[in-house]
Amino acid sequence: MAIVLGNDSATKGVLTRMRHYYGHGTAAVFAPLEPMGRAEQVSRRLADAIELELLTDGAQLPGEIELAAAFGVATVTIREALADLRSRGLIRTRRGRGGGSFVCTPEGGPGSLSRQRLRERSVVELRDMGDLYAIVSGGAAALAAERSSGDDVRLLRATYEELAASQDAGARRRADARFRVLLAVAAQSPRLYRAEIDLQAEVGTLLWLASEKADGTDAHRADLEHCAVILEAIEERVSERARCVAERRVRDATARMIEHRLTEEEL
Amino acid sequence: MTPQALSPVLDVIDAVAGEAFGLTGVVEAFVAAHLAHQLDREPTASAVSGLREAVETSLRTPGARVVGAGFVAAAGLFVDRPWWLEWLVREGALVERLEVPMGPEQPGFYDYTTTPWFREPERDGQRHVTGPFVDYLCTEDLTVTFSQPVTVDGRFVGVAACDVRAVTVERELLPVLRRLEQTYIVANDDRVLCSNSGRYVCGDLLAPGAAGRRHGLEGLPLTIVEPA
């Protein structure tokens, strides 16, 4: 074994222990923590949402206390994250009555962020993330086909119509985010719901960033067609079809994302 | 199954629904008292801000089944807040006011007037039991919502509602259900609230043809179902 990490014996010790735990049932307990600071994680999550226009231009962010509660961090961490966003021109803060932090959508779309985020990941990592998201999406769609109520289906249909009619990328991403969340809700599973939210934050962001190029193309039309089929399968309670198409949808998007990543590398 | 065999099940359902609708009754009385003769005077959301005191004790009672309760205003009722929830949630030993985005221009806004727990009482003026459903507004868990309309001077002003987690219902119902032959307790659209079968668990829909004899419950939109 030829891993050389200099003479730092403490680091070596850590590596040895990690190997010991991997592959055991306790692996997740001892899995490495996100290397980023918490403020950076918060600012990254918000920056992604702003660049993707999930948070729309001029929208008011919740107050510091609410944000702290939502992310499960201290208010000073939120302040640090907001200061970072402010310095990057992604939010504006007004003091006093009617004050707060307001979203400023940057000009020119999420192109540069896209490159940066995608470059941080290897192709293998991207594929792995896409695989997990595909399984969760497929599973949620299959259960939704078995368990959705008339109300669930009506909401899904209304959101699909929004998705199909949306004129710009921001509106489309908001509708798509909602479509995916509603699928998990219709599955009647709190855990799938949480998994969807977590995966949307991590993988969904990258998929959307990479889907920019697909706008108005056959790939985009095929994606909408997939949504229509998922909806139909849920209405007709054909769960295997719902699973299959929902998985296919994420896998296609993952392939586009990886192609996008590879093209970016050449530039 | 004989009514006698079912009576322990009915007792538990009575206790849960009694607690839930008891609390929505408290909310209704509070709102009706605070909005009486106010509707022509452009009421503001502050009219119901004292609701906490009215429900806090019930929410904090040890062993309380209800985890959240409150008043959900009809759109446009309050001049300063076109959408408004005065909603209290138990968080551990504390009772906190739920803060949710309160306008279509805010991220995460959710038009509650289209939800069954709001829409149905508005439509027919009756009490409703909605769910179990994954409540992504508040508990983020499988939840049953009990709701009733609130009217002031003959006008619908919103709903009084409360949430009970599905696991709370299960904890009480399972011990009595386990002594029976296969039985499903279903809500509205044949959605299982609780059963003693592994095939049908909370949140599942009964398959077409799975239901045999049905026992309706008076005054409650729940049905006890025997398999076909």
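1. In this predicted model, Ala211(B) has Pro227(B), a residue of strand 10 of chain B, as its bridge partner. The pairing to which strand 10 of chain B contributes here is with strand 9 of chain B, residues 211-217, and it runs in the antiparallel sense over five bridges.

2. Within strand 10 of chain B, Leu222(B) is the bridge partner of Ala187(B).

3. Turning to the other chain, chain A holds 11 helices and two strands, and the order of its elements from the N terminus is α-α-α-α-β-β-α-α-α-α-α-α-α. Of the 267 residues in chain A, 38% are buried. Among the contacts in chain A with a separation of 6 or more, 73% are between residues 24 or more positions apart.

4. As for the contact between the chains, 14 residues come from chain A and 15 residues from chain B. On the side of chain A that touches chain B, helix 6 (123-147), helix 7 (150-165) and helix 9 (190-211) of chain A each supply at least two residues. The residues on this side of chain A comprise five nonpolar, five polar and four charged ones.

Note on methods. Residues are numbered from 1 along each chain as its sequence is written. Chains are lettered from A and ligands numbered from 1 in the order in which they are written. This is a predicted model: local features need pLDDT of at least 70, side-chain atom pairs count only at pLDDT 80 or more; totals for chains, interfaces and linings use all residues. Helices (H or I, at least four residues) and strands (E, at least two) are DSSP runs, numbered from the N terminus. A residue is buried if 20 or more other C-beta atoms lie within 10 Å of its own, exposed if 12 or fewer, and partly exposed in between; C-beta atoms are placed from the backbone. Two residues are in contact if their C-beta atoms, placed from the backbone, lie within 7 Å. Two strands pair if DSSP finds at least two bridges between them. Ala, Val, Leu, Ile, Met, Phe, Trp, Tyr, Cys and Pro count as nonpolar, Asp, Glu, Lys and Arg as charged, and the others, Gly among them, as polar.
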